[in-house]
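Let's take a friendly walk through a protein fold together. Have a look at the picture first, and then we will go through it piece by piece.

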Amino acid sequence: MSGEAILIGQHCPQPEKTVGDRDIGGHIGAMQSSSDLTEFLRTQTYVAFDTETTGLWAPVNRLVEIAGVKFRLGQVEPEESFASLINPERPIPEDVVAIHGITDAMVAAAPTARAVLERFVAFCDDDSILIAHNAPFDISFVHCELGRLGLPYPENVILDTVDIYRRLHPGLESYSLLSLVSRFEIARTQEHRALSDAILVQGLFAVAASGFGDVCSVDALKSRFATYSLATWPGEEGELPPEFSELTRAIKESRRVEIIYQSPSQREHTRVIQPKQVYILGSMYYINAFCERAHGERTFRLDRIEQYQVID
């Protein structure tokens, strides 16, 4: 994919979809009839979107890719697609590259966030309903980038497919994107790239929409599901649970801490950090810290810290 933003019509190359049970390229077609949808749901324009980033915490990290697919329910193919790499103007950590595969070389000639987000916001239009998987994460990055650039926040309603599936299908073992698209026969693999993941989000939403019942307005959607907007920062600074009192002490006293950390690639690393702040996003705790190994600020998920010890 080139660095320039791509705005494509109906003939945009997409992962192949299927009818019935035939599997092509790891993807399974999710067919959804429009006969069980209200007129409101059928006539709305939706944009499923996804982001890739330099790390987990938006205040100290940057976007490296954003993509969206515009569609209506009852249609298999998107009406339009948007995708662009973004130059974050900083190195991408190796453990993050291992997840999405986007390297410093790939984004070197890409446009910066301002140019890409201006085009993406225009692509979404004012009246589209936006959809993301674990929406607070993607919202936090777009929100922070727009804020840094002094750009206005769009007022589109945003739905979260994690919230939708938790409400319609409670008690599932996992609500990760790959788990859900596998369980509901939308796809068998996930590429961890913004455009392909946005297409999976479109599939999830299309499958779920048949269970929305008599939803006939935006207000009805808001009363049925959690909704967000890009103007709302979903995270907040907070405090760690009581059982992490030693970590809390390290933050207050500017102590160094040795941690054994499980990276997203499932590898365990020993690192020495100087924790600074705690943020809460949904039910997840994040620690913003200076990492001596990386020689810079990094964000660590609390649930991935296997062990820790205050060392001075």
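A residue is called buried when its relative accessible area is under 20%, exposed when over 50%, and partly exposed in between, using a 1.4 Å probe and protein chains only. Please keep in mind that this is a predicted model, where local features need pLDDT of at least 70, side-chain atom pairs count only at pLDDT 80 or more, and totals for chains, interfaces and linings use all residues. Residues are numbered from 1 along each chain as its sequence is written, and side-chain values use heavy atoms, leaving out hydrogens and water.

**Confidence**

The predictor's confidence in each residue is given as pLDDT, from 0 to 100. For the protein chain the mean is 86, with 87% of residues at 70 or more. Where pLDDT is low, the predicted coordinates should not be read in detail.

**Salt bridges**

A salt bridge here is a side-chain nitrogen of Lys or Arg within 4 Å of a carboxyl oxygen of Asp or Glu. The count comes to 13 salt bridges.

| Pair | Closest N and O atoms |
|---|---|
| Arg 193 and Glu 65 | 2.8 Å |
| Asp 163 and Arg 167 | 2.7 Å |
| Glu 253 and Arg 249 | 3.3 Å |

Helices (H or I, at least four residues) and strands (E, at least two) are DSSP runs, numbered from the N terminus. Arg 193 sits in the loop between helix 7 (177-183) and helix 8 (194-209), while Glu 65 belongs to strand 3 (residues 63-71), so this pair links parts of the chain that are 128 residues apart. Arg 193 is buried at 18% relative accessible area, and Glu 65 is buried at 1%.

Asp 163 and Arg 167 are four residues apart in helix 6 (residues 161-168), about one turn of the helix. Asp 163 is buried, at 13%, whereas Arg 167 is partly exposed, at 45%.

Together with Glu 246 and Arg 255, they are linked in a network of salt bridges.

Two strands pair if DSSP finds at least two bridges between them. Strand 5 pairs in parallel with strand 2 (residues 46-53) over three bridges, and Leu 130 is the bridge partner of Val 47. Three bridges also join strand 5 to strand 6 (residues 158-160), again running parallel.

**Nonpolar cores**

A nonpolar core is a set of buried Ala, Val, Leu, Ile, Met, Phe, Trp, Tyr and Cys residues joined through side-chain atoms within 4.5 Å. The largest has 39 residues, and Leu 73, Phe 205 and Phe 212 have the most contacts inside it. Helix 8 gives the most to this core, with 11 residues. Apart from this core lies another, of 25 residues, among them Phe 120, Phe 123, Val 142 and Ile 158.
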